[in-house]
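Good morning, and thank you for coming.

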Amino acid sequence: MKSTILIALPIYITSFFSPLYAEEIRSFYVEMLISKDGSISVQEDIEYDFGDELKHGIIREIPYKYEIGIKNYNLRMHVARVTNFDGVPYKSRISRNQGRLIVKIGDPDKFVVGSKNYRIDYFVDGAITFFKDYDEIYWNVTGNEWRVPIKKASAKVYFDQGVRKNVTAKCYTGVFGSKEEDCRFNITANSAEFDALRGLVR
């Protein structure tokens, strides 16, 4: 059976960053493990620069209800932990609203400035679509809800033992549903790697 991995980076793209932005995401990197049972483990590493802005933290919105073509998705998601890159936990609050899992990270009694890093680990069921001749996953790597530039976006998808067969891949950039391919990918023995070729900005 052929497996198709479709990775999307659907954010408005320009060739420059506006000086009006005081904040930016320096890097948005995602690692995913696709297991034999169809479940997915996701780890998001976000390097966020607040500049001189006084903020309490960030809010990550992950859609779990959405439509792609004729397919309606209603994913099951569970956030396992929210930490920095060293594994130190952050205060966080998880909620759901209008088909989105909302991860609010930060201490309401403390302000942060400058560069901070955030790691979100979560599990997903229901993201794989099974067809007669192939299986497909279409994953929105960064989401569409950010209001700050993303200087670098990339992802790496691992395949559990026994999952990888004849894998093909695509990556897209631009607005949600765009078929623009300003990105590159590489398929290895047990993974597929994806990189946006330029910064992403609304």
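Strands, like helices, are taken here as DSSP runs numbered from the N terminus, with at least two residues (E) for a strand and at least four (H or I) for a helix. The model is a predicted one, in which local features need pLDDT of at least 70 and side-chain atom pairs count only at pLDDT 80 or more, while totals for chains, interfaces and linings use all residues. Residues are numbered from 1 along each chain as its sequence is written, and side-chain values use heavy atoms, with hydrogens and water left out.

I begin with the chain as a whole. Its secondary structure consists of 16 strands and zero helices. Of its 202 residues, 47% are buried, where buried means under 20% relative accessible area, exposed over 50%, and partly exposed in between, with a 1.4 Å probe and protein chains only. Contact means heavy atoms within 4.5 Å. Among contacts between residues at least 6 apart in sequence, 73% join residues at least 24 apart.

Val42 illustrates such pairing across the sequence. This residue is found in strand β3, residues 40-49, and is buried at 3% relative accessibility. Beyond neighbours within four places in sequence, the contacts of Val42 include Val30, Met32, Tyr122 and Trp139.

Which cysteines are joined by the disulfide? Cys171 and Cys183 are, with an S to S distance of 2.3 Å; the criterion is a pair of cysteine sulfur atoms within 2.5 Å. Cys171 belongs to strand β14 (residues 166-173) and Cys183 to strand β15 (residues 183-187), 12 residues apart. The torsion about their S-S bond is about 110 degrees, so the disulfide is right-handed. Both cysteines are buried.

I turn now to charged side chains. A salt bridge is a side-chain nitrogen of Lys or Arg within 4 Å of a carboxyl oxygen of Asp or Glu, and the whole structure holds 12 of them. One of these joins Asp49 and Arg26, whose closest N and O atoms are 2.9 Å apart. This pair links strand β3, which holds Asp49, to strand β2 (residues 24-34), which holds Arg26. Asp49 is buried at 14% relative accessible area, whereas Arg26 is partly exposed at 38%.

Arg100 and Glu145 also meet in a salt bridge, at 3.4 Å from N to O. Arg100 lies in strand β9, and Glu145 in the loop between β12 (134-140) and β13 (153-159). Arg100 is partly exposed at 33% relative accessibility, while Glu145 is buried at 18%. Together with Glu61, Arg100 and Glu145 are linked in a network of salt bridges.

Finally, the loops on either side of β9. Is Gln98 buried or exposed? Gln98 is exposed, with a relative accessible area of 76%, and sits in the loop between β8 (92-97) and β9 (100-106). Although not a glycine, Gln98 has a positive phi of about 50 degrees. Phe111 is placed in the loop between β9 and β10 (115-125), and counts as exposed at 54% relative accessibility.
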